[in-house]
Amino acid sequence: MTDVPCAPKRALKAAPADELLAIPDPRSDDRRPLRQPLHPDISEELIERLVRGFYEKVRADPELGPIFAAKIGDDWEPHLQKMFDFWSSITRMTGRYRGKPNAVHSRLKNVEPEHFLRWLALFRETARDLCAPEVSAIFIDRAERIGESLQLTMFFDPANPGRILSLKETPT
């Protein structure tokens, strides 16, 4: 056995955060730096207005209100704070949310796939009322993806694949 000299180990130098590139959405050529908001107009204040406005509608909704009230009760502020963190993580890349939404939602027994259609209708309405069109499109796209993921976790049954509803809005 002969000794083969090894190349000296070089310390790996981390690239500055602003040089790291996100994996692009295959539908666009967007190569935003990682950890940057999806849009410069998405602020923490906008997220709070959107979340509060949306849940006001949910609470007043005859279909969804009772479902949420049964789980959340009268003290909505802890849930709202969690949702601020959730949407900040998704749209501003802050990493503040550390929960497991699929696990939490999978324990809900009084939710049906149709409830996601109503949930999204209220969310779309709120986003369009409060955000510029290109910003509302970002929020709506993420909400549709989230809704589909939750449905798959909660309702997927290979024997009944039609139970999962398409939540993507058809372009008008």
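Where in the chain is the place of Met93? In this predicted model, in which residues are numbered from 1 along each chain as its sequence is written, local features were taken at pLDDT of at least 70 and side-chain atom pairs at pLDDT 80 or more, while totals for chains, interfaces and linings use all residues. Side-chain values rest on heavy atoms, with hydrogens and water left out. Met93 is placed in the loop between H3 and H4, helices and strands being DSSP runs (H or I of at least four residues for helices, E of at least two for strands) numbered from the N terminus. Although Met93 is not a glycine, its phi is positive, at about 60°. Its relative accessibility of 24% makes Met93 partly exposed, where buried denotes under 20% relative accessible area, exposed over 50%, and partly exposed the range in between, as computed with a 1.4 Å probe on protein chains only.

The chain contains 6 helices and 0 strands, and its elements follow the order α-α-α-α-α-α from the N terminus on. Of its 172 residues, 34% count as buried. With contact taken as heavy atoms within 4.5 Å, 67% of the contacts between residues at least 6 apart in sequence join residues at least 24 apart.

Two packed helices are described by the angle between their axes and the distance between the axes. Here the axes are lines fitted to C-alpha atoms, for helices over the stretch in contact, and the angles run from 0 to 180 degrees between N-to-C directions. For helix H1 (residues 44-60) and helix H3 (residues 77-92), the axes come within 9 Å and cross at roughly 130°. H1 is therefore oblique to H3, given that angles under 35 degrees count as roughly parallel, over 145 as roughly antiparallel, 65 to 115 as roughly perpendicular and the rest as oblique. The crossing of H1 and H3 is right-handed, a term used if the near helix is turned clockwise from the far one by less than a right angle, with anticlockwise giving left-handed. On the H1 side the contact involves Glu44, Ile47, Glu48, Val51, Arg52 and Tyr55, and on the H3 side the residues include Leu80, Met83, Phe84 and Trp87. By class, the contact of H1 with H3 comprises 7 nonpolar, 4 polar and 5 charged residues, where Ala, Val, Leu, Ile, Met, Phe, Trp, Tyr, Cys and Pro are nonpolar, Asp, Glu, Lys and Arg are charged, and the others, Gly among them, are polar.

H1 also packs with helix H5 (residues 113-130), at an angle of about 140° and with the axes 9 Å apart, so H1 and H5 are oblique to each other. The crossing of H1 and H5 is right-handed. Leu46, Arg49, Leu50, Gly53, Phe54, Lys57 and Val58 of H1 take part in the contact, as do residues of H5 including Trp119, Leu122 and Phe123. The residues of the contact of H1 with H5 divide into 9 nonpolar, 2 polar and 4 charged. His115, which lies in helix H5, is buried at 14% relative accessibility. Not counting residues up to four places away in sequence, His115 touches Glu63, Leu64, Ile67 and Asn110.

The structure holds 13 aromatic pairs, defined for rings of Phe, Tyr and Trp (its six-membered ring) with centres within 6.5 Å, and classed as stacked for planes under 30 degrees apart, edge-to-face over 60 and tilted for the rest. The rings of Phe86 and Tyr97 have centres 5.1 Å apart and planes at 85°, so the pair is edge-to-face. Because Phe86 lies in helix H3 and Tyr97 in the loop between H3 and helix H4 (101-106), the pair ties together parts that are 11 residues apart in sequence. Phe86 is buried at 11% relative accessibility, and Tyr97 is buried at 18%. The rings of Trp87 and Phe139, with centres 5.7 Å apart and planes at 55°, form a tilted pair. Since Trp87 lies in helix H3 and Phe139 in helix H6 (residues 133-155), this pair ties together parts that are 52 residues apart in sequence. Trp87 is buried at 5% relative accessibility, and Phe139 is buried with a relative accessible area of 0%. One aromatic cluster includes Phe54, Tyr55, Phe86, Trp87, Tyr97, Trp119, Phe123 and Phe139 among its members.

Leaving aside neighbours within four places in sequence, Phe86 is in contact with Tyr97, Pro101 and Ile146. Phe86 and Gly99, 13 residues apart in sequence, are 8.2 Å apart in space, C-alpha to C-alpha.
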